[in-house]
Amino acid sequence: MSLKMNGSCTSAVFSPGEKYLFTAGDQGEIYQWDLRMTSATRQNCLAKIQDDGNFHTTCIDMSADGNTLATGSKMG
């Protein structure tokens, strides 16, 4: 399986229970993927979030309860 996003993926994190995958990359965008609905022929990107102030995201992580998503970038 492959997922396509704009730019390069630099970091990824699974949500608790591994229902969702969040990816971030060099374009300052965060993608939320529903892994249960993704197949070899169809990708299901639930959301594409602009990470304001972030140009090149280098890391992404999620809190244990799944309520908070944090990113870091070359900008700090």
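Which residues make up the largest nonpolar core? In this predicted model, the set is Val13, Phe22, Ala24, Ile30, Ile60 and Met62, six residues in all. A nonpolar core here is a set of buried Ala, Val, Leu, Ile, Met, Phe, Trp, Tyr and Cys residues joined through side-chain atoms within 4.5 Å. Buried stands for under 20% relative accessible area, exposed for over 50%, and partly exposed for anything in between (1.4 Å probe, protein chains only). Strands β2 (20-25) and β5 each supply at least two residues of this core.

A quick word on ground rules. Residues are numbered from 1 along each chain as its sequence is written, and side-chain values use heavy atoms, with hydrogens and water left out. Since this is a predicted model, local features need pLDDT of at least 70 and side-chain atom pairs count only at pLDDT 80 or more, while totals for chains, interfaces and linings use all residues.

As for the overall build, the chain has zero helices and six strands, so from the N terminus on it reads β-β-β-β-β-β; helices (H or I, at least four residues) and strands (E, at least two) are DSSP runs, numbered from the N terminus. Of the 76 residues, 36% count as buried. The accessible surface comes to about 4,700 Å², with 50% of it belonging to carbon and sulfur atoms (Shrake-Rupley method with a 1.4 Å probe; for residues, only the protein chains shown count as cover).Four of the strands form an open antiparallel sheet in the order β1-β2-β3-β4, where two strands pair if DSSP finds at least two bridges between them. At the edges stand β1 (9-14) and β4 (45-50), each with a single partner strand, so one side of each is left without a neighbour in the sheet. From one strand to the next the twist averages 20°, an angle between N-to-C directions on a scale from 0 to 180 degrees, with axes fitted to C-alpha atoms. Five bridges join β1 to β2, with Phe14 partnered by Leu21. The hairpin of these two strands has five residues between them, and Gly17 there takes a positive phi near 85°. Another five bridges link β3 (residues 29-34) to β4, and Glu29 has Gln50 as its bridge partner.

The remaining pair is β5 and β6 (residues 69-73), antiparallel over five bridges. Ile60 stands opposite Thr71 in β6. Beyond its neighbours within four places in sequence, Ile60 is in contact (heavy atoms within 4.5 Å) with Ser11, Ala12, Val13, Phe22, Ala24, Ile30, Leu69, Ala70 and Thr71.

Thr58 also sits in β5 (residues 57-62) and counts as partly exposed, at 36% relative accessibility. With neighbours within four places set aside, its contacts are Thr10, Ser11, Gly72, Ser73 and Lys74. Gly28 is 30 residues from Thr58 in sequence and 9.6 Å away in space, C-alpha to C-alpha.

On the cysteine side, a search of the whole structure finds zero disulfides (pairs of cysteine sulfur atoms within 2.5 Å). Cys9 is partly exposed at 43% relative accessibility, and Cys59 is partly exposed at 39%.
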